[in-house]
Amino acid sequence: MKFLKQIASYFWDIPIEVTSSTQNPYLEVVWSMGKKMLNTKEANFSFGNGYKVFQYAISKISTKIENAERILILGFGCGSIQHILENEYHYSNQLFGVEYDNEIIKLYNTHFKQDFSLNPILVCDDAQRFIANSTNTFDVIFIDLFAELNNVPFVFDPDFIKHLIRISPEGTLVFNTIGRNNQDKSNISSLLITLSSHFKDVKKYSFQELNQIIVAK
């Protein structure tokens, strides 16, 4: 049955579960193009285009992944980044994830967790609050924080950046942002300037025009 659904999903999406939460009024897990995906009403949250974004982003820091002892994912979703780390880079050390929507964590545990070997430490929390209170340090931090198709504003806040640097003093930061309008582009430019004052190597990569990946190491 699973195989037939995967085949059929190349022609149309096959629903697996539809639910909602306080943070996301509409959430669905579907078979699409042979893969399980998590969607909101307006955006794909896991295993769609964002997966390709991070395949590209992680290819820029492959050596950092090989040497990382502890990795943090802010905006864990249903495990897109975990899938890339495990299956394409054979990462097997400590993995932490922060997801602000507990319903998404439930969907991950129900529909995706069994496909992985790693057992990440998942925390249901606001990413801004989590890093402000964190006493751990991380070798690589992925920042993938959106409200539907919009950047979460605090991603560009100097205090947020300050705490990221504090918990990854010798590490690597990887941001996924969207440059849709002039305000987005201004925020991204300010972020690049802020990061350049703390990291030796800061680069911006465009992916399919809309996504702007920022890597600071």
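This is a predicted model: local features need pLDDT of at least 70, side-chain atom pairs count only at pLDDT 80 or more; totals for chains, interfaces and linings use all residues.
1. Phenylalanine 116 is found in the loop between α5 and β7. Helices (H or I, at least four residues) and strands (E, at least two) are DSSP runs, numbered from the N terminus. At 10% relative accessibility, phenylalanine 116 counts as buried. Buried means under 20% relative accessible area, exposed over 50%, and partly exposed in between (1.4 Å probe, protein chains only).

2. Residues are numbered from 1 along each chain as its sequence is written, and side-chain values use heavy atoms, with hydrogens and water left out.

3. Serine 117 also belongs to the loop between α5 and β7. Is serine 117 buried or exposed? Serine 117 is exposed, at a relative accessible area of 73%. Its C-alpha atom is separated by 26 Å from that of isoleucine 167, 50 residues apart along the chain.

4. Now the sheet. Seven strands form an open sheet with mixed pairing, in the order β7-β6-β5-β8-β11-β13-β12. Two strands pair if DSSP finds at least two bridges between them. β7 and β12 (202–207) are the edge strands, each pairing on one side only. Neighbouring strands of this sheet are turned by 15 degrees against each other on average, direction ignored. Axes here are lines fitted to C-alpha atoms (for helices over the stretch in contact), and angles run from 0 to 180 degrees between N-to-C directions.

5. β6 is largely enclosed by the rest of the structure, because five of its six residues are buried. Strand β5 (residues 70–74) pairs with β6 in the parallel sense over five bridges. Glutamine 94 in β6 is the bridge partner of arginine 70. The chain crosses from β5 through α4 to β6, and this β-α-β crossover is right-handed. Right-handed means that, with the strands pointing away from the viewer, the path from the first strand over the helix to the second runs clockwise.

6. On its other pairing, β6 runs parallel to strand β7 (residues 121–124), joined by four bridges. Glutamate 99 has cysteine 124 of β7 as its bridge partner. The chain crosses from β6 through helix α5 (residues 102–111) to β7, again as a right-handed β-α-β crossover.

7. β5 and β8 run parallel and are joined by four bridges. The bridge partner of isoleucine 71 in β8 is valine 140. Strand β8 (residues 140–143) is in turn joined to β11 by four bridges, also in parallel. There, phenylalanine 142 has valine 174 of β11 as its bridge partner.

8. How many residues of β11 are buried? Seven of the seven are, so β11 is largely enclosed by the rest of the structure. Thr172, Val174, Asn176 and Ile178 point one way from β11, and Leu173, Phe175 and Thr177 the other way. β11 pairs with strand β13 (residues 211–216) in the antiparallel sense over six bridges. Alanine 216 in β13 is the bridge partner of leucine 173.

9. The largest pocket holds about 660 Å³ of space. On a 1 Å grid over the protein atoms alone, a pocket is an open set of points where a 1.4 Å probe fits, with protein on both sides within 12 Å along at least five of seven lines; lining residues have an atom within 4 Å of a point. Grid points are joined across faces, edges and corners, and a volume is the space filled by probe spheres set on the points. The lining has 34 residues, of which Phe45, Asp144, Leu145, Phe146 and Glu148 lie nearest the centre. α2 gives the most, with five residues. Elements that each supply at least two include β6 (94–99) and β11 (172–178). The lining divides into 20 nonpolar, nine polar and five charged residues. Ala, Val, Leu, Ile, Met, Phe, Trp, Tyr, Cys and Pro count as nonpolar, Asp, Glu, Lys and Arg as charged, and the others, Gly among them, as polar.

10. The second largest pocket has a volume of about 210 Å³. Phe116 is one of its lining residues, with Lys2, Trp31, Tyr51 and His83 also among them. α1 (2–8) and β3 (35–40) each supply at least two. This lining divides into five nonpolar, three polar and four charged residues.
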